Amino acid sequence: MSDLADLEAGLAALAAEIRPGGGAVRNLRRLSGGASQETWAFDIDADPYILRRAPKGARPHENNPGLENEAILMQAAAEVGVPSPRVRLVLRPEHGLGRGFVMDHVQGETIARKLLRDEAFAAVRPKLARRIGEIMAGIHGIPLERLPPLRHADARTRLDDIAQRYVDTKVPRPVCELAIVWLRDHMPPPRPPRLVHGDLRNGNMIIDSRDIQAVLDWELAHLGDPMEDLGWVCVNSWRFGELDKPVGGFGPREELFAGYEAVSGVAVDAAQVRFWEVLGSLSWGVSCAAIAVADHTAGDRPLERAMIGRRASECEIDLLRLLTEEA
Amino acid sequence: MQDPPHSEDLLEQVAAFLRTEVLPQLSGALAFHVRVAANAVDLARREVQLAPASDAAERARLTALLGMDGDLATLNAALCDRIRAREIDLATPGLVDHLRRSMLAKLAVDQPNYSTFRRALEAWGDE
């Protein structure tokens, strides 16, 4: 039996656990996925759902919280008012479908360029920088005792990790060296760890014509400095051409900070956010460079990976601009 | 010497062939990968066209900045070593100018449509 038919039969057996009253599983289709994680869409009668799973035998990345923990994080986020898809079922070993969970399929758009260009989002765009600040404050306010076990990665840990990954690429990049030195000289003061989403940026939110409807992709969630999230959403790679609107191409930093401060009561230090933006740009550039030099025999789509490697220079020029002028 | 048509002309023809002849016949994942392939051929063509001059200029700047000679990889590795050792920093005369020119040269090949490159071309290009 094919993978698809196996999965469809497995979900049909679970229909009543996913949707009150159960129903017929239809339209099962794969949306995306690599070797370790897949996203599927399907309907039970007329209600749409999403399955995120790691197939049997897939090894999770060492830094991932794991899909069961992602489900807990989404539920914890929903409890504090962060827009989050409702989790309907966490897979158990006896289901035989691998690890993962089923959640509601939230309607809206995730593609960054559409969100930044399409007329349908013209009215909501100016609100989003502030909304992202409010949502980040909600995430950072989740009580630590509500959280599953997560790795703790403060500024020094993150920088040491990125610097090592840079060295491992074995390509000398003077701008990256300058950024590493600059980051060591501008380390933010330690603060009590909070839940950090780790990848909350344009492309990882479901947005409709009215508001942000869901925050997605908790794979990089960890405990750390909450300012990391504010810096990451400003990294130029996530502005998709809207250079002068730092917050995801939607709006100015001041609105992000105002939304954050209004909900959290915590004053934002722009210099600390800048530290995290520089670190974020460096991190993404090193990731692009590392993808290209990774073992090509182990991965698929070698040309695509090679071309991603030639995007590391985007982050280098962003870093040089960040280090030498206001950006 | 090699006769025409030269590599940049051939690469231009390959990219045009992929886009106008092959791509319209495809859909889905294969269309995506052919688009990636056409972009890769374009990048290679820009490198063939631009890198000889920009590499020579970068090497001349590095030789002056570091006071040593060597190939480009050796010189860039030496610059990295000195930045890491804090012997050279953003205040070092000539460094920022050198890096801006090097970045403009890299992006002109890698991603000439990138927002920061287009802005930097206006701001740094005439220095």
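Biologist: Where does Asp45(A) lie in chain A?

Modeller: In this predicted model, Asp45(A) sits in the loop between β2 (38-44) and β3 (47-54) of chain A.

Biologist: What should I look for in its backbone?

Modeller: Start with the general idea: most residues other than glycine have a negative phi, and most peptide bonds are trans. Now the case here: Asp45(A) isn't a glycine, yet its phi is positive, about 50°.

Biologist: Is Asp45(A) buried or exposed?

Modeller: Asp45(A) is exposed, because it has 12 other C-beta atoms within 10 Å, and 12 or fewer counts as exposed. Phe240(A) counts as buried, with 20 C-beta neighbours inside 10 Å.

Biologist: And which residues does a cis peptide bond join in chain B?

Modeller: Pro4(B) and Pro5(B), with omega about 5°. Pro5(B) is in the segment before α1 of chain B.

Biologist: At what angle do the axes of α1 and α2 of chain B cross?

Modeller: Roughly 165°, and the axes of α1 (residues 7-22) and α2 (residues 28-66) come within 9 Å. So α1(B) is roughly antiparallel to α2(B). The contact of these helices has 11 nonpolar, two polar and five charged residues.

Biologist: How many residues does each chain give to the contact between chains A and B?

Modeller: Chain B gives 28 residues and chain A gives 23. On chain B's side, the largest share, seven residues, comes from α4(B).

Note on methods: Residues are numbered from 1 along each chain as its sequence is written. Chains are lettered from A and ligands numbered from 1 in the order in which they are written. This is a predicted model: local features need pLDDT of at least 70, side-chain atom pairs count only at pLDDT 80 or more; totals for chains, interfaces and linings use all residues. Axes are lines fitted to C-alpha atoms, for helices over the stretch in contact, and angles run from 0 to 180 degrees between N-to-C directions. Helices (H or I, at least four residues) and strands (E, at least two) are DSSP runs, numbered from the N terminus. Angles under 35 degrees count as roughly parallel, over 145 as roughly antiparallel, 65 to 115 as roughly perpendicular and the rest as oblique. Ala, Val, Leu, Ile, Met, Phe, Trp, Tyr, Cys and Pro count as nonpolar, Asp, Glu, Lys and Arg as charged, and the others, Gly among them, as polar. Two residues are in contact if their C-beta atoms, placed from the backbone, lie within 7 Å.
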